[in-house]
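Here's a quick tour for anyone opening this one up for the first time. Have a look at the model, then work through the notes below.

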Amino acid sequence: MTVEEEVKQIVSRIVHVEESTITREGTFKEMKADSLDIVQALVAVEEKYDIEIPDEEAQKFTNFGDFVDFVVAETAKKG
Amino acid sequence: MGGDYAPQEVMKGAIAAAHQGNVDIILVGQEDAITEGLRADASAEKLVRRVHASEVIIEGESPAVAIRKKKDSSIVVGMKLVRQGEADAFISAGSSGAVAASAATYLGMVEGMERPTLGGGFSSFAPNIVMMDLGANVDCKPHQMVSFAIAGTVYARTLYGIANPTVALLSTGAEQGKGNELVKEAYPLLQQSGLNFIGNIEGNEILLSKANVILCDGFVGNVLLKFYESIGTRGRAWFMGKAPICKGLVGFLFDRFLPLKKLSYEGEEQGSGILWGVDGVVRIAHGNCKAEHVVHGINAARKAVETNIVGSLKNEIALLKEQGKI
């Protein structure tokens, strides 16, 4: 499973949306995620990959694709 | 260790509970404050374990942001102790929103529960009712009301011993179709839920125990709870003002026969409540709780662990799912 698929799975479980409806262009707002959903998703991803997603970075994510790209880049750095 | 009277009152209560001998206490907070608090009771040093948490979540901070920014706060550190199995339960008088957010994030939700919910009763006048939600969710979605109803049903069964608790929606009229959008949309979902749903009840029927589980969003619930809690103190003061010459006697009679000032602290709740829906035992205490409420909260948390309330909630949800009701 790719990082993107795994992240999608995490977001789907937390935000209660079908994985198939999550697209790279889709936003958390469109998924009707509230602030707690977003925090839960960020922490779950941080813990899964043992990475840190600083708030200033998280605020730059305009859609799911940005989020995934950041996670992929951070996990690549860790090797 | 949060709360209006923290750390002194919280520590006093925790140490008193430790002295009772049936719980092991872990104090999570700033080392200096813990050391200072333990100085007052030399024997307590051996009874409690300390875990340092350097950061403090301040009341008013955004809970969702705070629990990510302040990972070394007692609310996050303590929750992780529960997740790791080092503690069986967590109790805090700190920011309620941060405790709820931290519990949902670090313990996770029970499957079928989307949001944590706070439940509690009005035990002085209506001993067999539980209201959900009392403030964990100021904005709710209709399907979340069903999950609150399930939690309330388990609450009434487990803690009040009611076999088949009745469930009602708090509204502005008894008939279906009365109320705001949330109530109107939640009504048919509750009808289909397989729970013992009896319809809407109005505010003047709460204390008549028209239903065992009364549902409202956290905004309404929190306003109602705080209003109810204020009645005791204000009522006593009002009566004493009416008879200033013998206010000592009036005060004595009230405290002896009608302890209105204790309204909010009677019964199971006594200053704290269970956070339902999260995958672990968490109790949120009133910010203004004193040592005796902390003792009660700790003992109630112990009871919740022993009676396996989280397991009961999981079983109830699994049963309703199996029956295709939710």
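**Around helix α11 of chain B**

Just after α11(B), G324(B) takes a positive phi of about 70°. Keep in mind that this is a predicted model, where local features need pLDDT of at least 70 and side-chain atom pairs count only at pLDDT 80 or more, while totals for chains, interfaces and linings use all residues. Residues are numbered from 1 along each chain as its sequence is written, and chains are lettered from A and ligands numbered from 1 in the order in which they are written.

- Helix α11 of chain B covers residues 309-322; helices here are DSSP runs of H or I with at least four residues, strands are runs of E with at least two, and both are numbered from the N terminus.
- From its first C-alpha to its last, this 14-residue helix reaches 20 Å, close to the 20 Å expected at 1.5 Å a residue (the expected span is 1.5 Å times one less than the number of residues).
- Which residues of α11(B) are buried? They are I309(B), V310(B), L313(B), E316(B) and I317(B); buried means 20 or more other C-beta atoms within 10 Å of a residue's own, exposed means 12 or fewer, and partly exposed is in between, with C-beta atoms placed from the backbone.
- Among the elements covering the buried residues are α6 (142-160), β9, β10 and α10 (291-306) of chain B; contact means C-beta atoms, placed from the backbone, within 7 Å.

**The sheet in chain B**

- An open sheet of 8 strands runs in the order β3-β10-β9-β4-β5-β8-β6-β7 (chain B), and its pairing is mixed; two strands pair if DSSP finds at least two bridges between them.
- At the edges are β3 (89-92) and β7 (196-202) of chain B, each pairing on one side only.
- β3(B) runs parallel to β10 (residues 281-285) of chain B, with 4 bridges joining them; S92(B) has I284(B) in β10(B) as its bridge partner.
- Helix α5 (residues 96-107) of chain B packs on the sheet, touching β3, β9 (272-276) and β10 of chain B. Its direction makes about 170° with that of β10(B) (axes are lines fitted to C-alpha atoms, for helices over the stretch in contact, and angles run from 0 to 180 degrees between N-to-C directions).
- What about strand β4 (residues 117-122) of chain B: how many of its residues are buried? The count is 6 of the 6, so β4(B) is largely enclosed by the rest of the structure.
- β4(B) pairs antiparallel with β9(B) over 2 bridges, and L118(B) has L275(B) as its bridge partner there.
- β4(B) also pairs antiparallel with β5(B), over 3 bridges; G119(B) stands opposite M132(B) in β5(B).

- M132(B) and D133(B) are joined by a cis peptide bond, with omega about 10°. D133(B) lies in the loop between β5 (126-132) and α6 of chain B.
- N308(B) isn't a glycine, yet its phi is positive, near 55°. You'll find N308(B) in the loop between α10 and α11 of chain B, and it counts as partly exposed, with 13 C-beta neighbours inside 10 Å.

Key. Two residues are in contact if their C-beta atoms, placed from the backbone, lie within 7 Å.
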